[in-house]
Amino acid sequence: MSEAIELRDYVEGDYVSLVELWASTGVGNPARGDTAESIQRTLDQGGRLVVLDSEGWIVGSAWLTDDGRRLYLHHMAVAPSLQGKGLGRMLMNAAMDTARERGMQMKLEVHRDNGRARALYESCDFAPLEGYDTMIRRRVD
């Protein structure tokens, strides 16, 4: 890796670059309502959004939300051109450090066809919740 990559917390000015990362990796979806306001709301409620900054451009993210009982990992992403270089592990370590510091469990969802991400999560001791399927109601009315 020739460029310097810094692990740091998200700041409001990162939003445009972050959304581009999410679009390029497939974790972004307008139906999810991932606005700058929703990010800030989760941060105000104890969440954390860790980013990888490469010369002012966001190339990785790990977004933790806190429901007071456990942390949820969302939008774990590394720019496609930088995948396979240990950056996902760097993000996971930061997320797990946060969970350890708070004494909380961490939960995540991963697409069944995302073998690379599943291998990373399993190497960090995540395991499927047997008998559970993910369900969501996207309507807000």
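Predicted model: local features only at pLDDT ≥ 70, side-chain atom pairs only at ≥ 80, totals over all residues.
The strands form an open sheet of five, arranged in the order β1-β2-β3-β4-β5 with mixed pairing. Its edges are β1 (5-9) and β5 (105-108), each of which pairs on one side only. From one strand to the next, the twist averages 25°. Within this sheet, strand β3 (residues 57-66) pairs with strand β4 (residues 70-78) in the antiparallel sense, over six bridges. Ser61 has Ala77 in β4 as its bridge partner.

Two helices are placed against these strands. Helix α1 (residues 15-25) lies across β2 (48-54), β3 and β4, and runs at about 90° to β3. Helix α2 (residues 36-44) also packs on the sheet, where it touches β2 and β3. The direction of α2 makes about 50° with that of β3.

A further packing involves helix α3 (residues 87-102) and helix α4 (residues 115-123), whose axes are 11 Å apart and meet at an angle of about 45°. Angles of 65 to 115 degrees count as roughly perpendicular and those under 35 as roughly parallel; α3 and α4 are therefore oblique to each other. Their crossing is right-handed. On the α3 side the contact is made by Gly88, Arg89 and Met92, which meet Leu120, Tyr121 and Ser123 in α4. By class, the residues in the contact of α3 with α4 are three nonpolar, two polar and one charged.

Notes
Residues numbered from 1 in each chain as written. Heavy atoms only, no water. Axes fitted to C-alpha atoms, helices over the stretch in contact; angles between N-to-C directions. Helix = DSSP H or I, 4+ residues; strand = E, 2+ residues; numbered from the N terminus. Parallel < 35°, antiparallel > 145°, perpendicular 65-115°, else oblique. Left-handed = near helix turned anticlockwise from the far one by under 90°. Contact = heavy atoms within 4.5 Å. Nonpolar A, V, L, I, M, F, W, Y, C, P; charged D, E, K, R; others polar. Pairing = 2+ DSSP bridges.
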